[in-house]
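Subject: Structure for you to look at

Hello,

Here is the structure I promised to pass on. Please open it next to this note; what I found follows below.

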Amino acid sequence: MNHRASNRAQIRMLPDGRRLHMHDGPIDVIVEAFGAASEVEVAYRAAADRFVGILDELCGELEFLRRPACEDGDLPSGAIARRMVAAVRPYASQIFITPMAAVAGAVAEEILEVMTSAAKLSRAYVNDGGDIALHLAPGEKFVVGMVERPDRASLFGTTTIKSGDPIRGIATSGWRGRSFSLGIADAVTVLADNAAMADAAATVVANAVDLPGHSRVERVRACDLAPDSDLGERLVTQSVEKLTKGEIREALEVGIRVAESLCGSGPVRAAALNLQGETRIVVPVETRIAPSPSAATRVGSPVHA
Amino acid sequence: MADDAIRCDACPVLCYIKPGRTGACDRYANADGQLVRLDPHVVLERAVSRGDTLVPFLEKSRDWDGALLSGEETFVTAIGAGTTYPDYKPAPFIISSEVAGVDMVTVVTEGIFSYCGVKLKIDTDRHLGAECSTVRAQGEAVGHVTTNEYGSQMLSLGGVRHLTGGSRHEGTATCDALLNLCNRQAVELKIDDGATVIVQADKAPIVDGVQEERMRVGCGSATIGMFAKQWFGKVDEVVVVDDHITGVLSEHQAGKLLGVPESGIALKGRRSTPGRYFRVAEPGTSWGGTNIDDPLSILGPFDGKIARHGLRLLMVSTTGEHHAYFELDESLHPVEKELPAALRESVERIRENCEPALCTVLFMGGAGGSLRAGVTENPVKLTHSVRDALTRVTCGGAPVYVWPGGGITIMADVSRMPENAFGYVPTPALVAPIEFTLKLSDYATLGGYMDHVRPLSSITSINRDEESHRRLTARPDNPWPMASEKSGK
């Protein structure tokens, strides 16, 4: 089985010589580690070794992972699958959610963990298609830029994540992204204690930003697009026409309430919600998101949120 | 599973994919019930062009030794990228890669060119046909003869009038000829009231069944000038036969300077200046691009007052390909004799100095507004960006000449492009690769589809599957498409 995976997975350095790129089926991960060269090498080797088995491991339990989560019950056997389940369980009693909502974040988190266990790194990030797991040694920090809309290359803000902050995961969700969304947010970015939790929370908040039944939103049953989608017959957003200011505010309000409840209670530390150029930021007091000094300025550390 | 969904077995996710949709990876799709790769891509690697050794792609991740593989740089060409016809969608591949610390974007698409054709340069002195004569392929008009250039005949084939303005069969024959020429295949062309020529990029033309070998080193007059010294003393008279200007040694300035005495020779044709004759014969595919097989047919009787018994005469074509040696008999008639060794050398020298005759095929096409709209929401901005040399245009990674003036009209040497870079659609029109490379920030400024920009790695990471894309080494004679010089102008 591994034979097949090791033939299938692609692992290489990007041309910049710094970042490691790993790809297998739908998983696409970019890794960058900072520290002594020898430590970085050890970390990349550990990441590569772990990576080759991941897709087979997840697919072995895919049926389970595509079923709605429940608060208690059986746990899957794989480490990543367990991270997925743990990340979505808090929502299971209130909404429809499957462990797949946290798959990208859980993969990022797992790879980060094998890297930091294997080597001494000052900083590292694992970016799985926009869902990012972070490592920060004491005294280190990451500057993270946030993009208002992915088709407009301007940062609406940056945030500095310091080693003393609890944040170790960043995730973004929205209907413009690769996965299906039940909501209409262009992008919801969540900072949380780990990547799997950020991933699940971003999905939940992005789904909540919505105008149910609105005529300017085109929706299609998920199963009509992808017969084996975990979302089944639920309607997923295909396009959103221009909304009025009032409608944008109304849709964002619902998302903000959900985001606030998550920030207050759990591992979610901040959320930024975007809909048609309107941005709302939900921040508990201790987190700072600074307005960008210049919208075109690139951040020092290119963590692509 | 009903309704034509197919199961993709490329990876263990085993997606069911509906017609027209992609799987979870966005790389495999259901095209009318067939599982297809979306990205059968030609990827150029720069490594060898810089003298580095090629870093092979990892076949298996387990073979990875942890070393940093930073030696290669990759440029994704548009060949096999697919098109966005009718072009209201963003180009199928918008790829970002970091070049010297600047994020670069290459917008890769295969353009459908209704306005396109090829410019053919056929190295030959033989007469292929009169200017403006119709050039035919499969009996259909596909182009015309244009100018005669130095040692070459130019043809212009294709263009929208032949492609879509004439009969269905004319369009199909034109498209077929263009496609084959651009893909470096041989095509037989018949010129009205002229020659039949087999043309293939980078190969010698075959004119009326005879393969051309050499380009002439100069016109007949120039050849006299170049070789006069080598002939002096070894022969009494030399005629260099040329359809354009036939040269005569004893009358030519070069002969006069050496003190070559008059020979009493009489050339047919119209004398231009001393020793230079126009139209000694009709154009053709024989001696020096004339229609003569017997060189003596361009001579009148020798002047009995000047010519003498035993006078040695060399007649040679501008390429050295045809030659004959004569001596005058008692009645001053030229009698053919074997070429003396001393003269053989000069004939060889002429031949040596004639470069190999080749056909060169330049693809020419105009990127229409809709193709440009696949790159940016505001197509004219792309034109301006190309004009301002902020955006580099390439065809399959090969450099292009961008015509000045409006629009984006380009010419590219098909020999510098990867093999089989062209395709067609039944319109008929040619499908040609075209890439626009620019800084990411410039791309954003000109209204680019930023949400469709994807990292280079997302293309190249799947290279293990040979069907998905071809990795080629960039030609060392092509400038690297992402090099920092602004443009090739």
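Where in chain A does A:R176 lie? A:R176 sits in the loop that links β8 and β9 (187-192) of chain A. Keep in mind that this is a predicted model. A:R176 has 18 C-beta neighbours inside 10 Å, so it counts as partly exposed; the buried class needs 20 or more. A:A187 is eleven residues away along the chain, yet its C-alpha atom is 7.5 Å from that of A:R176.

Now the sheet in chain A. Nine strands make up an open sheet, in the order β1-β2-β3-β4-β5-β8-β9-β12-β13 (chain A). The pairing is antiparallel. At the edges are β1 (10-13) and β13 (278-282) of chain A, and each of them pairs on one side only. From one strand to the next, the twist averages 10 degrees.

Look at one end of that sheet. β1(A) pairs with strand β2 (residues 20-24) of chain A in the antiparallel sense, over four bridges. Within this pair, A:I11 is opposite A:M22 in β2(A). A helix also packs on the sheet: α5 (residues 103-118) of chain A. Helix α5 touches β3 (27-34), β4 (123-128), β5 (131-136) and β8 (169-173) of chain A. The direction of α5 makes about 150 degrees with that of β4(A).

On to chain B. It has 489 residues, and 48% of them count as buried. Nine helices and 32 strands are found in chain B. Take the contacts in chain B with a separation of 6 or more: 65% of them are between residues 24 or more positions apart.

Chain B has an open sheet as well. Eleven strands build it, in the order β16-β15-β14-β13-β10-β11-β12-β9-β24-β28-β27 (chain B), with antiparallel pairing. β16 (210-211) and β27 (401-402) of chain B are at the edges. Each has a single partner strand, so one side of each has no neighbour in the sheet. Strand β15 (residues 206-207) of chain B runs antiparallel to β16(B), and two bridges join them. Here B:I206 stands opposite B:Q211 in β16(B).

Helix α2 (residues 168-182) of chain B packs on this sheet. Among the strands that α2 touches are β9 (116-123), β11 (140-149) and β24 (359-367) of chain B. The direction of α2 makes about 50 degrees with that of β11(B).

Best wishes

Notes. Residues are numbered from 1 along each chain as its sequence is written. Chains are lettered from A and ligands numbered from 1 in the order in which they are written. This is a predicted model: local features need pLDDT of at least 70, side-chain atom pairs count only at pLDDT 80 or more; totals for chains, interfaces and linings use all residues. A residue is buried if 20 or more other C-beta atoms lie within 10 Å of its own, exposed if 12 or fewer, and partly exposed in between; C-beta atoms are placed from the backbone. Two residues are in contact if their C-beta atoms, placed from the backbone, lie within 7 Å. Two strands pair if DSSP finds at least two bridges between them. Axes are lines fitted to C-alpha atoms, for helices over the stretch in contact, and angles run from 0 to 180 degrees between N-to-C directions.
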